[in-house]
Amino acid sequence: MYDYDLLVIGSANADLVIGVDRRPGPGETVLGSDLAVHPGGKGANQAVAAARLGARTALLARVGDDAHGRLLLDAQRAAGVDTVGVLVGGAPTGVALITVDPSGDNSIVVSPGANGKLTPGDVRAAGSLFHASRVVSAQLEIPLETVVEAVRNLAPGTRFVLNPSPPRPLPPEVLAACDPLIVNEHEAKAILGDAPVGEGPAEWARLLLARGPRSVVVTLGAQGALVASALGVALVPAVRVDAVDTTGAGDAFTAALAWRLGRGDALADAAAYASRVGAAAVTRAGAQEAYPTPEEVAAL
């Protein structure tokens with residue numbers, strides 16, 4: 001019935017990465033490693049991660065008519081992603097400036113570029129992709145009104161997964177469609193806003209669930225993930241690995257989770273598999289080039 005296991009609507013960026021011994025303070029300059037340029041962006045990352053796992057994947061995004069845009073399109077096609085929904089032009093390709101410290105932690109500043117030009121009209125024009133997809137996944141590196149339009153264009157029976165990053169207040173219409181809403185600690189607190197935040201992640205998950213999503217996943221890094229639905233809250237333990245670079249690991253987790261949910265896995269089972277995918281992704285440098293195959297996930 002479906003041509004695609006997963007349609008990702010989201011950002012495509014060129015990641016400009018520099019390794020640093022430590023992040024600079026205000027007004028401070030530090031020396032870093034040679035600049036490395038990688039294909040990235042939360043949407044493009046998710047699409048590549050899913051395709052590498054074997055999911056039939058399409059991407060709806062916008063890139064510039066420039067070298068960075070060609071890099072991103074080449075990377076999608078090499079991974080097996082259908083790029084029929086990738087629009088070209090309107091602004092330069094988005095760029096992410098990333099510093100990575102010796103522990104593998106990163107700090108990121110994003111210049112949206114063409115991502116900010118992905119419009120509700122682009123979503124409406126891609127209606128055939130929505131109707132052909134079992135699951136639709138989105139993030140917030142594109143305009144919020146475009147995500148709202150994506151929710152309005154979901155086909156009956158299509159599941160919607162949202163990672164609200166970078167976080168911002170979400171309209172009830174979007175929250176009600178999420179199954180699940182996937183957040184880390186920072187994103188959970190940002191969405192809850194002025195609401196009293198409880199003692200820990202289980203309480204955050206319950207509070208978020210009360211906002212309207214059908215299910216919620218709170219990622220906890222090395223502590224694993226919490227899954228919450230009408231059935232209750234459960235902890236999914238993390239897989240222990242030596243982290244080299246955490247860039248894009250959350251995108252790999254989200255892609256794997258969305259794909260496995262579309263295959264019919266229960267939420268906790270899908271999250272357990274996604275945790276393995278995310279763990280495999282942090283053992284190599286970079287984002288898309290670090291994403292694992294099913295064989296590499298099984299070997300963990």
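Colleague: Is threonine 254 buried or exposed?

Modeller: Threonine 254 is buried, with a relative accessible area of 1%, where buried means under 20% relative accessible area, exposed over 50% and partly exposed in between, using a 1.4 Å probe and protein chains only. This is a predicted model, in which local features need pLDDT of at least 70 and side-chain atom pairs count only at pLDDT 80 or more, while totals for chains, interfaces and linings use all residues. Residues are numbered from 1 along each chain as its sequence is written, and side-chain values use heavy atoms, with hydrogens and water left out.

Colleague: Which helix is threonine 254 found in, and what is it in contact with?

Modeller: Threonine 254 sits in helix α9, helices being DSSP runs of H or I with at least four residues and strands runs of E with at least two, numbered from the N terminus. Leaving aside neighbours within four places in sequence, threonine 254 is in contact with Gln46, Ser137, Val161, Asn163 and Ile182, contact meaning heavy atoms within 4.5 Å.

Colleague: Which residues touch the most other members of the largest nonpolar core?

Modeller: They are Leu59, Val217, Phe253 and Leu257, in a core of 44 residues; a nonpolar core is a set of buried Ala, Val, Leu, Ile, Met, Phe, Trp, Tyr and Cys residues joined through side-chain atoms within 4.5 Å. Among the elements that give two or more residues to this core are β1 (4–9), α1 (42–53) and α10 (267–281), and α9 gives the most, with eight residues. Another core, of 41 residues, lies apart from it and includes Leu7, Leu118, Val136 and Val218.

Colleague: Switching topic, where is leucine 170?

Modeller: Leucine 170 lies in the loop between β9 (159–163) and α6 (172–177), and this residue is buried too, with a relative accessible area of 11%. Not counting residues up to four places away in sequence, leucine 170 touches Leu140, Leu144, Leu162, Pro164, Leu175, Leu181 and Ile191.

Colleague: How many residues apart in sequence are leucine 170 and leucine 144?

Modeller: They are 26 residues apart in sequence, and 8.3 Å apart in space, C-alpha to C-alpha.

Colleague: Last one: how many helices and strands does the protein have?

Modeller: The secondary structure comes to eleven helices and 13 strands, and 55% of the 300 residues count as buried.
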